[in-house]
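Trainee: I'd like to go through the labels on this one and ask what stands behind each.
Mentor: Fine, bring it up and we'll take them in turn.

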Amino acid sequence: MEVLKQLLGRLHPLLVHLPIGFIVFGLLLQFLDRKKKDYAQLIPIAYFWGGISAVAACITGYLQYLSEGYSFESIKWHLWSGILTALFSFLMYFKLNGAKSFNLLNKMPIVFLSIIFLILISFTGHQGGNITHGKDYLVEPLPNNIKSALGIETFEAKEILLTEDNWETALIYEDVIHPILNNKCVSCHNPKKAKGNLLLHAPEEILNGGENGVVISDKNAAESDLYIRMNLPMDNDDHMPPEGKTQPTKEEIKLVGAWIDAGNPFKGTIKDSGLAKELFTSFLPKKENNDYPNIEIKPVEHDSIIAIEKTGIHIDQINKTSNFLSVSCINKPSFSDVDFEILLPIKSNIARLDLGSTKVSDNIFKKLATLPNLTILKLDNTSISGKNIEQLSVLNNLKSINLTATNFESEHISKFANFSSLQKIYLYKTKVLTTEIKTLNEGQISIDYGGYELPALPTDSIVY
Amino acid sequence: MKDLIDKLIQEKLAREAEAKTRRHFIKNCAQGIGGLALSSIFAGCDPLSSSPKKTQAAFSERDLNPLATLAPPYSSKVKSVIYLHMAGAPSQLEMFDYKPELQKFDGQDCPQSLLEGKKFAFIKGTPKLMGPQAKFKQEGESGNWVSDYMPHFKKVVDDVAFLKAVHTDQFNHGPAQLFMHTGSARLGRPSIGSWATYGLGSVNQNLPGFVVLTSGGNTPDAGKSVWGSGFLPSVYQGVQCRSKGDPVLYIKDPDGVTRNLKKSTIEAINKINKQEYLKYADPEILARINQYEMAYRMQIAVPEVMNINNESDNIKQMYGVEPGKESFANNCLLARKLVEDGVRFVQLFDWGWDTHGNIRSGSIDMGLRNKCREIDRPITALLLDLKQRGLLDETLVVWGGEFGRTPMQENRGNKKMAYKGRDHHGDAFTMWMAGGGIKKGACHGKTDDIGFSGIEGKVSVHDVHATILQQLGFDHEQFTYEFQGRNFRLTDVEGEVIKEILA
């Protein structure tokens, strides 16, 4: 008997669709038939079977309630409205069949009844859906701003805001650990949806653990479920967060582990916790070291690029997120100082300029000084001697100059000390006599004179 | 959905066009003539038969200039890649992965727990562990381990970032090489170099964007597919150049053919080919048109760039080149020259690293030393040379094999082998990267005490690919090509950028 009860109970989610179908079908027919009255005989049949199946749904629903341990409080609205729907369906059947026994009903227009019926069946169905899928099932996919406009509580991702200056004084739990758990775990482990009876939104709840016991073992991440589960391979069923959910990064997992090892402090700053800086570096803002200035710039006219490329000069956008350009004369070895005028329409956008193996001379420096955003400059394999190179010191973005295989002379090296952003100078195969000055400006600028050698070793000639 | 169907139909038409051969042509002619005869009889019966066939083929800008450069989607750290592949799989245990503990177990039986569920190419029964045959030392400021098989390499050890726990799921050369270069152990996927040139084009219009150089007396076991273009247009496949004799075969004009005559010949052929393309829309015709034009431009540029005789004696000595011969040293110098001239992807294969211990040249204590000597100086020189020319900032150098080798001595047929050797092993092996955006002197990943498996910082072949693409300015998850109704990636559905070795 118990088996039958359970089995029938489980049929409820299936059976409920029958009355919904019959009744909505009936309502639709009523609407279509409102003028012609072609289907007057058909509509009551729909409601009759709607009523029969609604009774079946009510019975199975009640059995399900009995066998699956729902509290009456959570299903009462669904139960009463379900019974009401079944009754209403029969009522509509009798009314449309012209039964005269209900005087009260005769006075009510059929349209009014139909509208009430539509509301009733929708309400009942919705209540049932809420029991099965949870209250926020339908609204969950809505964007956050619409949710808050509807007065629904939203799940907000919290950002980890650490900087070079404040990371030590930031609070270990509040500013770092809490946001990680909040963004990656709390959507399933919160008071409303406590999967595995585990809550991870507040310190005391984290310590309480879940249905499998505590998730943090004192100062021992390797024994703590919170940490172990995140480290399991993706295809392990116990891996958390489950497949398909946003996964914590390697750095976040490592940090949570280190935090547990440090005795999971909920109070105090990062400095107090004694955790090493390396654990936090990936959360610090990334120092961009790009080969173009870190500013926004307007794109250049496509036509001017085409016009310049016709002369054989090669132009590339530096990448699709930046409008800076990389200009190369690799296909135009005849480029000389006078050709520089060609580049004027795009001069503010040039970040990389490769004039290697061209015919430029020391007179090019005055012109190059008009490229405000020049970052990487290649002048290798040219006849440049370095005279006038001080004119480039106005270029505040210039990071690297390549003068390999030029006539560059020693006396001009000191001029680089006035360059504000310069980091790298290449002086291999030049007329430089001594390679003593390896750095300038306290190590900010490094000079590579090249000329590396690999002296022969005895092992070079041993053949085994 | 409609786009998808259109794309599938296009692909089908392209396949049909590829299948059209001379036989079809003759068949078509026969039908055509028959049709002509009939059409005069039934003139006017079927108005459709006489209307010209409509075709949608047209030339896009990239069709006619497939190597035109494209901006990388994101900030790129490097412009070019030099990939050094040691075909046959070098032994990490004699080069970079120092395992003193393994020495203690030398000659002892390998524990059964390690062998359970593992597949080996040749090892049978219970093999014996074999200690490292090389002497190791910590070198440079980074203190990373380098063996005495690579005595020059210590000079650049602070410039490279090691990956000590790379793993692959293939244990035979062919599939493993395919996996390492195309992201799949099965044929049909484009190689990394093809993806790179497809996505970025190449700056120098007179040179191919993707050049392949081989040494060691043999080409890789997996064949040319390791530099093939897979489902990408054929024009993006690697162009194999030779360091001995003519760099590219059949590129020289025959005696008596002037450059002008050659030019007009190619122009005439390409005019016909373009008409053919408009008619049949076969992408292979496009590839052919472009290859003719590229070959014509290469006739001047390639002999120039492939000539290492003009290099200074210092440079030649540093690399240890042997002009006129096919050698890894020559190829390394060429790689630098090619990158200097704007080639996007240079792929070097050096064959002969399969040290099973069955022959002297394939032994861990002798043959491997010879192989290491052959690459030690050239690789060190390549890194130093790139550095002094300011090219290392914009070039990524990748070194590795298709897998690693076992900590156990090979016992082919359950017998003692003639020489000391190690079997194929994909669970953990070493690779390294150097160049733009790579953290100098880094060492990521760790293997267990005997070097059998990775225990920390394990990275897959897909992770290596994701990292290479990231350095070129791609997000490996977004860089796709639609084929047979779905988007394909080099990393398929896997791969994670190895941030630990990025500066």
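**What stands behind the labels**

Mentor: Start with chain A, where strand E7 (residues 400–402) and strand E8 (residues 424–426) run parallel and are joined by three bridges. Keep in mind that this is a predicted model.

Trainee: What makes E7 and E8 of chain A a pair?

Mentor: Pairing takes at least two bridges, and these strands have three, so they qualify as paired. One of the links goes from Ile401(A) to its bridge partner in E8(A), Ile425(A).

Trainee: Which sheet do they belong to, and in what order do its strands come?

Mentor: An open, eight-stranded one with mixed pairing, ordered E3-E4-E5-E6-E7-E8-E10-E9 in chain A.

Trainee: Why are E3 and E9 of chain A called edge strands?

Mentor: Each of them, E3 and strand E9 (439–440), pairs on one side only. E3 (residues 314–319) turns up again at the contact between the chains: with five residues, E3 gives the most to the side of chain A that touches chain B.

Trainee: How many residues does each chain put into that contact?

Mentor: Chain A puts in 26 residues and chain B 27 residues. By class, chain A's side has 12 polar, nine nonpolar and five charged residues.

Trainee: Over to chain B. Why is helix H14 (residues 461–471) said to be largely enclosed?

Mentor: Because 11 of the 11 residues of H14(B) are buried, the rest of the structure largely encloses that helix. Among the buried ones are His462(B), Asp463(B), His465(B) and Gln470(B), along with Val461(B), Ile468(B) and Leu469(B). After H14(B) comes Gly473(B), with a positive phi near 100 degrees.

Trainee: Which residues other than glycine have a positive phi?

Mentor: Asn264(A) is one of them, with phi of about 30 degrees, and Ala281(B) is another, with phi near 55 degrees. Asn264(A) is in the loop between H12 and helix H13 (270–273) of chain A. Ala281(B) is in the loop between helix H9 (259–280) and helix H10 (283–305) of chain B.

Trainee: How do you know whether Asn264(A) is buried or exposed?

Mentor: Count C-beta neighbours: the cut-off for buried is 20 or more within 10 Å. Asn264(A) has 22, so it counts as buried.

Trainee: And what makes Ala281(B) partly exposed?

Mentor: Ala281(B) has 18 other C-beta atoms within 10 Å. Buried would need 20 or more, and exposed 12 or fewer, so 18 falls in between.

Trainee: How do you know that the bond from Met240(A) to Pro241(A) is cis?

Mentor: Look at omega, which is near -10 degrees for that peptide bond. Pro241(A) is in the loop between helix H11 (225–231) and helix H12 (250–261) of chain A.

Trainee: What about the largest nonpolar core: which residues have the most contacts inside it?

Mentor: Val81(B), Ala335(B) and Met433(B), in a core of 117 residues. Helix H13 (residues 367–388) of chain B supplies the largest share, nine residues. Another core, of 46 residues, lies apart from that one and includes Ile350(A), Leu355(A), Leu371(A) and Val432(A).

Trainee: Which residues does Ala335(B) touch, leaving aside neighbours within four places in sequence?

Mentor: Ile82(B), Leu213(B), Val346(B), Leu348(B) and Leu382(B). To be in contact, C-beta atoms must lie within 7 Å.

Definitions and conventions:
Residues numbered from 1 in each chain as written. Chains lettered and ligands numbered in written order. Predicted model: local features only at pLDDT ≥ 70, side-chain atom pairs only at ≥ 80, totals over all residues. Core = buried A, V, L, I, M, F, W, Y, C linked by C-beta atoms within 7 Å. Helix = DSSP H or I, 4+ residues; strand = E, 2+ residues; numbered from the N terminus. Contact = placed C-beta atoms within 7 Å. Nonpolar A, V, L, I, M, F, W, Y, C, P; charged D, E, K, R; others polar.
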